[in-house]
Structure formats: C-alpha cells, structure tokens
Amino acid sequence: MGKFFTKSAITAAVFFISGSAYAACTAPGLKDELTQEQVNEAFECIKEELREGYAKNENPWAKDYVNWGRAATAPYLADVHGNRFVNYTVNEIGYREYIKYSDERENNPMPVGSVLAKEIFNVNKKKQVTKGQLFFMEKVAAGGEAEKYGNWVYSVIKPNGDTQKVSQKFCHDCHGAFSDQDAMGYPNEEVRLASE
Ligand code: HEC
C-alpha cells in the first residue's frame, strides 16, 4: 500500500512538471501524421513561449527576426536539423534574393549583410509540442575568417536564450554542398513563396 502511494505520487509530480514545461501544447497525432493545419496549430501554441526564450539572447536578431520577411508559407517537417519542424524568415537585405530560391548563384552570391533565420520546434513521442533552437546564417564580406565557409557565419540560440556553441565546419560541411545555391538549402518546394 505504502509503496503504491509513493509510486503514484511520483507519477503525479512528473506529470505536473512536464505539463507546465510544455505549456499544454499537445498535438493530435505523432509528427509524421499531422496535417499542415495541425502543424500550424502546434506552432501557434508554442510560438510565443519559443520567441520569449530566444529574445533573452543579447543578439538583437533574436528579437528582430520575427519581423523579417517570411521566406516560407508555413512551418514544415524538415528531415535535416533533427527531423523537426522549421519556420523561415530573412532580413531585409537578403529577402528579395532569397525568395528567388535560385540555383544559379555560383557567380551571384547573396548580398553581404543577409541574415537567414530558422526557428525550430518539435512534437515528441508523447505528442507534446517542444521547443527547439533558433538557427542563423549571416553573409559577411569576403576575405575574413569565414571565407573558407563560403563567407557565411553560422550561429545557434537555445530555447532558453543562451548562445549554443557551434562548429562552423559542422554546419558548412553540409551547407557547402549546395554550391550552386550559395550554400543555402531553401525550404521544401511545397512551402516556397511564389517568386516575383
Ligand atoms: C545535414 C545537413 C545540414 C547541417 C549539418 C546543417 N544544415 Fe542548415 N540546412 C540544411 C538544409 C537541407 C536546409 C534547407 C532545407 C530545410 O530546412 O529542411 C538548411 C537550412 C538552414 C537555414 C535556412 C536557410 C537556408 O535556406 O539554408 C539556416 C539558417 C541553417 N540551415 C542553419 C544551420 C546551422 C546554424 C547549422 C549548424 C549548427 C546547420 N544549418 C547545419 C542542411 C544542414
């Protein structure tokens, strides 16, 4: 009897903690089963909390990126970056070029000062909507340390607002393979904006 009581007390405590940590955002299915509308709803539920966390970082982009141009029509499940949901925005300097999603960039790189942002969330096996990191790529002038990474500087902010250390090489080893796209991966075709 005594034993049983302890066990259910622990279960209750665990439930309470996870309940508050996930802000009661629960998806109606596993991540591969969700319709676009359900993905949008999951994002709407977690969005505010996600952005509050990032905004604690001292980098002004961590607040500004929400006002940048949307570079995809909706968040979607990306099979890179850990098979999680991603949402894209691009700052004013890069926006018009980015949304051409051009694959003829070998002699036509993105303008210096372009910053691309990708916010990430997930739906775990318990169908809870969870927070992921905020990823950035910034195009910098040629001739600096970033030259060996295509003049891109990669950075990551954790959901609690801390800066996550990243290896430029790790990010660029993968991004650099998109050589005719100036190292950009671009969102899935289904969520690309109709370019002008
Ligand atoms: C395994 C390959 C891979 C690795 C490693 C990787 N990325 Fe990506 N990244 C992609 C692909 C593919 C896309 C576009 C498609 C997508 O998001 O599903 C992308 C998209 C992005 C975008 C949106 C802009 C664009 O179109 O490329 C940013 C920002 C980004 N990644 C940052 C990073 C950072 C920062 C790192 C290192 C911490 C990183 N990536 C590591 C493959 C990778």
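## Ala 183

Ala 183 lies in the segment that follows helix 5. Helices (DSSP runs of H or I, at least four residues) and strands (E, at least two) are numbered from the N terminus. The phi of Ala 183 is positive, about 70°, although the residue is not a glycine. Ala 183 is buried, with 23 other C-beta atoms within 10 Å. Here a residue is buried if 20 or more other C-beta atoms lie within 10 Å of its own, exposed if 12 or fewer, and partly exposed in between, with C-beta atoms placed from the backbone.

This is a predicted model, in which local features need pLDDT of at least 70 and side-chain atom pairs count only at pLDDT 80 or more, while totals for chains, interfaces and linings use all residues. Residues are numbered from 1 along each chain as its sequence is written.

## Overall layout

The protein chain has five helices and seven strands, in the order α-α-α-β-β-β-α-β-β-β-β-α along the sequence. Of its 196 residues, 27% count as buried. Among contacts between residues at least 6 apart in sequence, 55% join residues at least 24 apart; a contact requires C-beta atoms, placed from the backbone, within 7 Å.

## Strand 3 and its partners

Six of the seven residues of strand 3 are buried, so this strand is largely enclosed by the rest of the structure. Strand 3 pairs antiparallel with strand 1 (residues 69-70) over two bridges, and Arg 70 has Thr 89 of strand 3 as its bridge partner. Pairing means that DSSP finds at least two bridges between the strands.

Strand 2 also runs antiparallel to strand 3, joined by three bridges, with Arg 84 of strand 3 as the partner of Ala 78. These two strands form a hairpin with five residues between them, and His 81 in the turn has a positive phi of about 55°.

Buried residues in helix 2 are Val 39, Ala 42, Ile 46, Leu 50 and Tyr 54. They pack against helix 3, strand 2, strand 3, strand 4, strand 5 and strand 6.

The largest nonpolar core has 32 residues, and those with the most contacts inside it are Ala 42, Leu 116, Ala 117 and Val 129. Strand 4 gives the most to this core, six residues. Such a core is a set of buried Ala, Val, Leu, Ile, Met, Phe, Trp, Tyr and Cys residues joined through C-beta atoms within 7 Å. Leaving out residues up to four places away in sequence, Leu 116 touches Val 90, Gly 94, Tyr 98, Phe 136, Met 137 and Met 184.

## Ligand shell

The ligand is surrounded by 21 residues, the closest being Ala 78, Tyr 154, Cys 171, Cys 174 and Gly 185. Helix 5 gives the largest share of the shell, four residues.

## Tyr 101

Tyr 101 is in the loop between helix 4 (92-98) and strand 4. Its phi is near 45°, a positive value in a residue other than glycine. Tyr 101 counts as partly exposed, with 15 C-beta neighbours inside 10 Å.

Conventions
Near = placed C-beta within 6 Å. Contact = placed C-beta atoms within 7 Å.
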